[in-house]
Amino acid sequence: MDADASVIAPTHVSELIQRIRRAGFELVGPRISGKAIAWGPIESERDLPIGWTETQEAGTYRLQRRDDDRWFGFTVGPDSAKRFLFPPVEPCFRLDPQRWSVEFPDPARPLALFGLRGCDLAAIRVQDRVLAEGTVADARYRERRQTALRVAVECSDAAATCFCDSMGTGPAVGGDFDLCLTERWTGSESTFLLRVGTARGRELIRDLGGRPAQARDLEAFRREPQRARAHMGRSMPPGVLARRVPPSPDHPRWNTVGDRCFACGNCTSVCPTCFCTTPHDETEFGSKGIERLRVWDSCFSRDFSYVSGRPQWEDVASRYRQWLGHKLFDWKAQFGTSGCVGCGRCITWCPAGIDLTEEVRALAAGDPAPAEPAPGFGGK
Amino acid sequence: MSAQPFGSMVPRPTRVVDRVEVGPDLVDLTVEPEGPNAPPPFEPGQFDMLFVPGVGEVPISVSGHPDEPDRRVYTVRRVGSVTRALGALRRGDRLGVRGPFGRPWPLDLAVGKTLWLVAGGLGCAPIRPAILRTLAHRTRFRDVAILVGARSPEDLLYRAELARWRARSDVEVQATVDRASGNWQGPVGLVTELVDRLRRPDDGVIALLCGPEAMMRATARGLLRDGLSASSIFVSLERNMKCGVGLCGHCQLGPHFVCKDGPVFSIEDLGDRFLGGVS
């Protein structure tokens with residue numbers, strides 16, 4: 001028997017949703033939006049994509065009905081927690097340039113992120129390193145992050161684009177949550193394992209109902225992420241996780257992939273860890289007030305690296321080299337972690353179907369890893 | 001939680017107190033803080049983000065005297081919309097300043113050693129505070145050489161000052177141009193050639209290089225060939241700094257954020273990637 005785990009029914013999950021809302025959280029989670037499962041406000045279980053799944057491949061995403069009514073029988077869509085903890089457009093301050101007086105926006109309501117997968121939790125850990133744990137922190141991110149409730153869901157299925165197993169970030173969820181659900185389909189309805197990760201999570205589920213989980217329950221529910229692992233469609237080549245030095249800039253593969261890449265920035269938008277932004281000033285007509293916004297940017301845009309009259313990364317190949325080299329290698333020297341969590345979003349949402357696991361495999365061929373640490377690199 | 005979540009993003013108000021055209025499309029702006037909210041003192045080699053309300057923000061090195069922190073001088077070349085707006089400012093106009101940002105020139109490393117300050121073109125601006133501090137504390141260093149290159153005699157920055165420095169007996173000052181014109185009597189050629197002709201002391205040398213990347217690369221390669229260590233050669237890099245604190249991602253160079261890990265780097269920090277011209 002595990003004191004911090006119980007077996008609950010769908011009605012208990014519905015009640016949990018209402019308790020989270022009554023506790024004052026702004027509750028967001030997966031819901032059907034257009035032809036994909038994106039994230040938005042959740043008012044009740046009726047907003048969840050119950051009985052839906054999706055097919056993903058490089059450059060492909062198709063919503064589909066399931067032949068059962070699993071509540072969480074899908075994987076990850078284009079959204080992640082990033083869009084809520086680190087919004088695409090963030091008002092920073094408003095300046096009156098006449099009096100040079102500055103106003104800051106009010107803090108937002110605490111978020112409840114409902115339905116975070118293993119890769120999503122890993123991505124939050126990465127963004128914590130980047131945005132909250134450096135010399136200068138992004139105070140707005142840190143504020144949202146500290147107050148946000150994290151309700152995780154273990155994956156029972158995997159998409160063909162998933163590779164969290166090879167990145168060590170999923171599909172089983174070990175920690176970093178307030179509450180965690182694992183779902184089993186019993187033939188007619190779902191049953192859930194509910195695990196508690198924090199005192200706040202325990203408070204929310206006090207007297208919720210259900211029964212304490214027995215050892216055989218835990219064993220049965222453990223098979224769910226094992227099933228997802230068995231269906232995982234992709235993997236990061238071995239060696240990439242430990243390596244800190246990017247592949248040689250002279251490798252011909254950069255040009256091959258540069259020719260395919262449209263430099264559209266989809267990959268950086270859907271990536272749950274990409275953090276590049278640009279300050280953007282909006283000047284109000286008449287009043288002459290200036291609002292500074294911080295908006296998501298992408299290293300694939302031509303203007304991104306503009307200096308002294310030209311971009312540092314002029315051709316698309318050099319922009320792809322920056323993105324992949326940063327994400328998988330240089331990120332480690334900067335933040336002590338890989339920038340990739342294995343969610344596969346950049347593969348699915350690439351209109352050219354570029355697959356970074358395939359690219360890095362090709363880049364590794366004929367480019368033996370240098371002895372580490374290479375001179376001048378990899379250390380701070 | 002902080003009442004000012006984006007404190008590092010908020011420009012402080014300053015006023016333009018002096019403005020001098022110093023070359024083709026080049027202007028020296030001197031600003032002083034307005035009110036008590038002054039930008040903190042800067043170290044030679046650091047940069048500020050200059051904000052023209054309604055136009056935008058750009059990173060500009062502080063080129064003034066580091067011992068006069070409340071008088072910030074910026075040498076601005078008019079190339080884009082913000083630098084053109086900066087160039088159009090008049091005495092009394094307001095300018096927003098965020099900073100200073102970045103790691104400064106490591107003058108402390110040069111104490112007791114020979115110090116070479118090598119600049120090309122607009123690279124004179126970020127290195128000028130290092131020259132001013134060196135000359136103000138001249139006895140701390142052994143031999144000091146200031147080598148400056150420009151496209152033409154008209155493009156040479158701070159010409160009057162160069163003449164004053166040259167008049168001192170305790171510092172070697174040389175200037176060269178790519179193209180002679182007018183009554184130019186000095187050498188014609190690259191600044192790297194001036195570096196090649198410097199007398200190599202037996203004890204340590206610290207070399208600070210500032211200018212176009214091709215010039216810094218060529219100079220650094222020459223110095224390495226001559227036996228200087230990669231940890232004693234420093235360069236200042238220019239990138240598309242937007243936030244100044246390593247959060248926006250624009251100024252990345254391999255594992256480095258140029259805004260906070262630089263803009264001053266040793267060649268040892270940058271490694272072969274810089275010497276090979278990979279950005």
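Student: In which strand of chain B is the place of B:P100?
Tutor: The model is predicted, with local features requiring pLDDT of at least 70 and side-chain atom pairs counting only at pLDDT 80 or more, while totals for chains, interfaces and linings use all residues; side-chain values use heavy atoms, without hydrogens and water. Residues are numbered from 1 along each chain as its sequence is written, and chains are lettered from A and ligands numbered from 1 in the order in which they are written. A cis peptide bond with omega of about 0° joins B:P100 to B:G99. Helices (H or I, at least four residues) and strands (E, at least two) are DSSP runs numbered from the N terminus, and B:P100 belongs to residues 94-101, strand β6.

Student: What is the omega of the cis peptide bond that joins B:G262 and B:P263?
Tutor: B:P263 is found in the loop between α6 (258-261) and β14 (264-266) of chain B. The cis bond joins this proline to B:G262, with omega at about 5°.

Student: Which residue forms a salt bridge with B:R78?
Tutor: A salt bridge is a side-chain nitrogen of Lys or Arg within 4 Å of a carboxyl oxygen of Asp or Glu. B:R78 is in the loop between β5 (72-77) and α1 (81-87) of chain B, and its partner, 53 residues apart, is in the loop between β1 and β2. Buried means under 20% relative accessible area, exposed over 50% and partly exposed in between, with a 1.4 Å probe and protein chains only; B:R78 is therefore buried at 18%. With the closest N and O atoms 3.4 Å apart, the partner is B:D25.

Student: How many residues apart are B:E34 and B:R15?
Tutor: The two side chains meet in a salt bridge at 2.8 Å, N to O. B:E34 is in the loop between β2 (26-33) and β3 (47-52), whereas B:R15 is in strand β1 (residues 12-23). At 22% relative accessibility B:E34 is partly exposed, and B:R15 is partly exposed at 31%. The pair links distant parts of the chain, and the separation in residues is 19.

Student: How many salt bridges does a search of the whole structure find over all chains?
Tutor: One example is A:E133 with A:R129, whose closest N and O atoms are 3.3 Å apart. Both residues are partly exposed, A:E133 at 49% and A:R129 at 38%. Over all chains, the number found is 55.

Student: Which elements give two or more residues to the lining of the largest cavity?
Tutor: On a 1 Å grid over the protein atoms alone, a cavity is a set of points where a 1.4 Å probe fits but cannot get out, and lining residues have an atom within 4 Å of a point; points are joined across faces, edges and corners, and a volume is the space filled by probe spheres set on them. The search finds ten cavities of 30 Å³ or more, and the largest has a volume of about 130 Å³. Of its 16 lining residues, the closest to the centre are A:C261, A:C267, A:Y320, A:C350 and A:I354. The elements of chain A asked for are α9 (266-270) and α10 (316-335).

Student: What is the phi of A:D176, a residue other than glycine?
Tutor: A:D176 has its place in the loop between α5 (164-167) and β10 (179-185) of chain A. A:D176 is partly exposed, with a relative accessible area of 34%. Its phi is positive, near 65°.

Key
On a 1 Å grid over the protein atoms alone, a cavity is a set of points where a 1.4 Å probe fits but cannot get out, and a pocket is an open set with protein on both sides within 12 Å along at least five of seven lines; lining residues have an atom within 4 Å of a point.
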